[in-house]
Every structure is written in C-alpha cells, then in structure tokens.
Amino acid sequence: AKPVIVTLDGPAGVGKTTLAQRVAKELGIAYLDTGAMFRTTALELGHDADKLPEGEMSERLNTLHFSLSQEEGESVLRVNKRRIGNEIRTEEVGMMASRVAVLPTVRTFLRRSQQRLGSEVSLLAEGRDMGTTVFPEATCKIFLDASAEVRAKRRFLQLQEMGHDANLKKLAQQIRERDELDRNRKVAPLRPAKDAVVVDSSEMGIDEVFQAILAAVHAAV
Ligand code: C5P
C-alpha cells in the first residue's frame, strides 16, 4: 500500500517537535524531523554557506546521506550513519538553519532526501513546507500556529529542560527574526497549505492540541 503521510508545519517554537513525536507514536508511524535536517546541513556547511560557489555547495551537500530507522519504538534520524543528537537544538543553530534554508540548492537537495524517506515508510513529517511543497499529496495536513510571545515562552522552557542556557527576551527576538526569514523567503516560504487544518494553539494546553491533531488525522484517513 502507498505510505500514509501526515504533514505538520508551523513557525519556530510552536511545539511541533514534541507533538509530532507524540502523534507519530500514537499512529504507529515514523516521525521525520525536517528541521533537524536543515540544522545538520547548516552545521555541515558552516557560517559562510551563502558564499560557497554553487558547484562546491552541491558537492558538499551530496556527501550528506540522511536515513531514518525505527529503534525501540523510536524514530532515529542519521546523517552518514551518525545519530543526530541534541547538539543541534540551540537557537543559534536554528538561526543558521534559517539562513541556509533560503538557498534554493539546499532546499532542492533536502526536499529530495525528504521525499525519498517518505516513499519508503508511512510517516509524520514536521517542518515548514511539508504540506505546501514536499508532500503536496499528503493524506492529512496540519498547520500549527501560536502567537510569538507564547512560542518564545515554550521554547524557553524547552531549552531549560535540556539544560541549555536561555534568555526569554533574546529568544523572543530570535524567534521573530526566524519568522521573518521563514515567512518571506522566495522558495517554499512558511505558510499553511490550502487544504491544511489550521490549529491555533496560543490558548491551548498540549493535551488539547494533541487531541485536535489526532481528530484531524482521523477525519482524513
Ligand atoms: O523546525 P526547526 O526550528 O528545527 O527548523 C530550523 C529552521 O530550518 C527553520 O527556522 C527553517 O528556516 C528551516 N526549515 C525549513 N523547512 C523545513 C524545516 C525547517 O526551512 N521543512
């Protein structure tokens, strides 16, 4: 049978990753964190990524092979067999990711990698352009939103939990900057697909959002 694809898109800090993991587990499908792919790629290309000549950029991108496997009921994303860990989860790396995410060569390369992974197994794909660009034929599309203030606070708590240093004011600023970049880029900007279910979670608790997403999936499948 054709793999089932559920897409979950939305801005930075909205809680997509936590929810995506939970929903994927509940549905018994794999979870694909495409933000992690952009973050890893950004780290691999380094700070001057936007100054790399096109040819060298492609060459370096082509050395990156992403794979997704199920290990003890968990989806594990690897780049060149190395497990991607929490080192990519800082707001600084998020910003680096946002900067390389405007580059068409990077987007094309990652879109192809994502589509390859999505052709192999049923999955929940989380990102910015899953419903609009990467999986336009997805079974169910969800767009999760929340106000910038709420998102900064959520990200703050999450970083603290991971033991990272966090400053709420600075985070709010970084999230706004990243929103700007993600919403206004020319290629695959952040926006809900026409056929997406939009969930504004500003005033919702995590369990409520979880149920809303599950309801949308069950209505579509
Ligand atoms: O979701 P996360 O915060 O990990 O994503 C990091 C950055 O990667 C985003 O701000 C965005 O610029 C980029 N991204 C993207 N398209 C995706 C996933 C992430 O452009 N599908």
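Because the model is predicted, local features are described at pLDDT of at least 70 and side-chain atom pairs count only at pLDDT 80 or more, while totals for chains, interfaces and linings use all residues. Residues are numbered from 1 along each chain as its sequence is written, and side-chain values use heavy atoms, with hydrogens and water left out.

We can begin with the annotated domain. In an unreviewed entry, UniProt lists residues 6–218 as "domain: Cytidylate kinase"; UniProt positions are given in the numbering used here, feature names are shortened, and annotations may be inferred rather than shown by experiment. Over residues 6–218 the chain is 51% helix and 17% strand, with its end C-alpha atoms 11 Å apart. Helices (H or I, at least four residues) and strands (E, at least two) are DSSP runs, numbered from the N terminus.

The UniProt annotation "binding site", also from an unreviewed entry, covers Gly10, Pro11, Ala12, Gly13, Val14, Gly15, Lys16, Thr17 and Thr18. Within this stretch, Gly13 is placed in the loop between β1 (5–9) and α1 (16–27), and Gly15 lies in the loop between β1 and α1 as well. Is Gly13 buried or exposed? Gly13 counts as buried because its relative accessibility is 6%, whereas Gly15, with a relative accessible area of 23%, is partly exposed; here buried means under 20% relative accessible area, exposed over 50%, and partly exposed in between (1.4 Å probe, protein chains only). Leaving aside neighbours within four places in sequence, Gly13 is in contact (heavy atoms within 4.5 Å) with Arg151, Arg154, Arg155 and Ile175.

The ligand comes next. It is surrounded by 15 residues, of which the closest are Arg39, Arg107, Asp129, Arg178 and Asp182; a residue is counted as near a molecule if one of its heavy atoms lies within 4 Å of it. A polar side-chain atom of Arg178 lies 2.7 Å from an oxygen atom of the ligand, and a side-chain N or O atom of Arg128 is 2.9 Å from an oxygen atom of the ligand. For Thr34, a side-chain N or O atom is 3.0 Å from a nitrogen atom of the ligand.

Asp129, one of those closest residues, is found in the loop between β6 (123–127) and α6 (130–134). Asp129 is buried, with a relative accessible area of 4%, and, not counting residues up to four places away in sequence, it touches Asp9, Arg107, Val134 and Ala188.

Which strand holds Lys141? Lys141 lies in strand β7 (residues 140–145), and it is buried, with a relative accessible area of 6%. A polar atom of the Lys141 side chain lies 2.9 Å from the backbone oxygen of Pro136 and 3.0 Å from the backbone oxygen of Gly131.

Finally, consider helix α4 (residues 91–100), which is largely enclosed by the rest of the structure because eight of its 10 residues are buried. Those buried residues are Glu91, Val93, Gly94, Met95, Met96, Ala97, Ser98 and Val100. The buried residues of α4 pack against α2 (34–45), α5 (104–120), α7 (148–161) and α8 (168–184).

Note on methods. A polar contact is a pair of N or O atoms within 3.5 Å; within protein, one must be able to donate a hydrogen and the other to accept it, and residues adjacent in sequence count only if both atoms are side-chain atoms.
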